[in-house]
Amino acid sequence: MKWYRFRQNNSEGRHKEPAHDVFIEAPNDCYANAIAIYYELYFDGCHNGIDCKCCGDRWFKASPRDAYDWEVIKNHIAWNRPNLKDDNNLPLVAFAALGKELVFSVQDVEKNAQS
Ligand SMILES: [Zn+2]
């Protein structure tokens, strides 16, 4: 199982929930994109009149190149940002493990994996 990274573009100069970067565990990118909808991510925001056309879409669908092993996320991408929030109190990272609640730190993902 891989983790798919969704990086948020701050359309209109601001980020939105659930976090700047959202990581979703899934068997492939198609599943990850479907699961993302449950966590308030959306795609084609400009086309649908939700996002600013000059800033571009807020979220983009994941592709196979957005797939990471958990160890890489834990040790290289998110390790230095546990539980951190931006100036507007918005989490920098969020994680959706398969069948689990959304959590906001590497430690919580690993805690959930044991339960
Ligand atoms: Zn704009």
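View 1. Trp3 stands opposite Tyr68 in strand E3. Helices (H or I, at least four residues) and strands (E, at least two) are DSSP runs, numbered from the N terminus. E1 and E3 pair in the antiparallel sense over 2 bridges; strands count as paired if DSSP finds at least two bridges between them. This is a predicted model, in which local features need pLDDT of at least 70 and side-chain atom pairs count only at pLDDT 80 or more, while totals for chains, interfaces and linings use all residues. Residues are numbered from 1 along each chain as its sequence is written.

**View 2. Here is the whole sheet, strand by strand.**

**View 3. Follow E2 and the strands it pairs with.** E1 (residues 2-7) and E2 pair in the antiparallel sense over 6 bridges. Along this pair, Tyr4 stands opposite Ile24, and Phe6 has Val22 as its bridge partner. E2 also pairs with E4 (residues 93-96), this time in the parallel sense over 4 bridges, and there Phe23 stands opposite Phe95. In E2 (residues 21-26), 5 of the 6 residues are buried, so this strand is largely enclosed by the rest of the structure. A residue is buried if 20 or more other C-beta atoms lie within 10 Å of its own, exposed if 12 or fewer, and partly exposed in between, with C-beta atoms placed from the backbone. E1 likewise has 5 of its 6 residues buried, so E1 is largely enclosed too.

View 4. Ala32, Asn33 and Ala36 of H1 are buried. They cover an arc of only 100° around the axis, which puts them on the same side of H1; the arc is that of the directions from the helix axis to the C-beta atoms. Cys30, Ala34, Ile37 and Tyr38 are exposed on the other side of H1. What covers the buried residues of H1 includes E1 and E2. Just after H1, look for Glu40, with a positive phi of about 75°.

**View 5. Step into the largest nonpolar core.** Such a core is a set of buried Ala, Val, Leu, Ile, Met, Phe, Trp, Tyr and Cys residues joined through C-beta atoms within 7 Å. Of its 22 residues, Tyr4, Phe6, Val22, Phe23, Ile24 and Phe95 touch the most other members. E1, E2, H1, E4 and H3 each supply at least two residues of this core. Leaving aside neighbours within four places in sequence, Phe95 is in contact (C-beta atoms, placed from the backbone, within 7 Å) with Phe23, Val103 and Val109.

**View 6. Asp69 sits in a loop.** Asp69 lies between E3 and helix H2 (70-77). Asp69 counts as exposed because it has 11 C-beta neighbours inside 10 Å.

Notes: Two residues are in contact if their C-beta atoms, placed from the backbone, lie within 7 Å.
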